[in-house]
Amino acid sequence: RKRLGAMQAQAAQKPIPPPTMPVEEGGALCDMLSLRDKIAAQKLIVSKTRKRQEHDAASAAEADSSTSGTSPQALVEALDALVSLQQQLIAITLRPAMQQASQDEAAISLGHLVEEPAGPGSLPRFNRVRRGAISSECVPEVLATATISKVVVPKGEQMRMQLKHALQDLVLFSDVHPEDLAAIVDAFTSEHCAAGTTIMKQGEAGDRFYIVMSGVCDVYVEDGGSMQLVATAADGKGFGELALLYNAPRAATVIART
């Protein structure tokens with residue numbers, strides 16, 4: 001017990017060394033603090049220059065003179081200096097991340113970057129490899145090189161305008177170029193459905209997209225063996241695009257009400 005007390009007393013007499021940090025991090029921190037001070041000072045210079053220029057302009061206007069005491073070039077130079085300082089601060093702030101990214105890229109190219117075991121409270125580190133492109137489906141070479149002929153179905157100008165406005169109101173076609181939109185309108189065909197006609201059935205393959213020009217259609221989804229009414233499509237509304245976009249079966253059954 002006496003020995004333990006002597007060791008504690010000896011430890012208490014030793015001065016505690018100040019915390020240290022790597023030279024590079026300390027230098028970067030000093031640079032950041034210095035740049036922030038310079039930016040604050042430069043902002044004051046810009047503010048004073050702008051106020052002086054406004055005051056000179058007001059004085060010149062009162063004196064009915066076209067000359068002013070402060071040149072506009074002084075404000076431009078002050079702003080350029082401020083932007084330069086801000087860019088330097090951003091570069092210093094991003095320097096560690098850029099260095100880490102360069103090191104990771106070099107390690108990946110050499111095959112040295114592998115998964116590291118996860119420590120307590122931390123996540124495992126995986127290979128940081130750029131993710132490849134993602135697409136919904138691979139296009140066969142025959143379709144990729146095929147020549148698609150334009151389909152034009154004769155229709156009146158009034159119907160063309162109705163189809164155009166209906167397509168523009170749909171999110172799917174809201175950003176389509178006018179020429180491409182006109183080509184889509186040309187390809188539409190007219191189909192008359194009596195009340196009670198099943199236009200499309202849930203689970204079947206889809207090859208058409210519909211727009212209701214007149215009448216009302218009910219949209220049903222099968223749930224637990226019963227058909228549930230989930231939506232209604234009236235004039236100008238479209239349906240059936242999901243099966244074409246994702247090459248998937250129909251997600252609902254649509255029946256003409258009128």
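**Aromatic pairs, notebook entries**

I started with Phe-209, which counts as buried at 15% relative accessibility. The model is predicted, so I treat each value as computed from it, with buried meaning under 20% relative accessible area.

I then checked Phe-173, and this residue is buried too, with a relative accessible area of 12%.

Next I searched the whole structure for aromatic pairs and found three. Phe-173 and Phe-209 make one of them, a tilted pair at 5.7 Å centre to centre with 45 degrees between the planes. I looked up where the two residues lie. Phe-173 is in the loop between helix 5 (157-168) and helix 6 (178-187), and Phe-209 is in the loop between strand 1 (198-200) and strand 2 (210-211), so this pair ties together parts that are 36 residues apart in sequence.

I also asked which residues are joined with Phe-173 and Phe-209 by ring pairs. I found that Phe-188 belongs with them, and ring pairs link these residues into a cluster.

I moved on to Tyr-210 and Phe-239. Their rings form a stacked pair, 5.4 Å centre to centre, with 20 degrees between the planes. Tyr-210 is in strand 2 and Phe-239 in strand 5 (residues 238-239), 29 residues apart, and I noted that the pair links distant parts of the chain.

Are these two residues buried or exposed? I read 17% relative accessibility for Tyr-210, which counts as buried. For Phe-239 I read a relative accessible area of 7%, and this residue is buried.

Conventions. Residues numbered from 1 in each chain as written. Predicted model: local features only at pLDDT ≥ 70, side-chain atom pairs only at ≥ 80, totals over all residues. Heavy atoms only, no water. Phe/Tyr/Trp six-rings, centres within 6.5 Å; stacked < 30°, edge-to-face > 60°. Helix = DSSP H or I, 4+ residues; strand = E, 2+ residues; numbered from the N terminus. Buried < 20%, exposed > 50% of the residue type's maximum accessible area, 1.4 Å probe, protein only.
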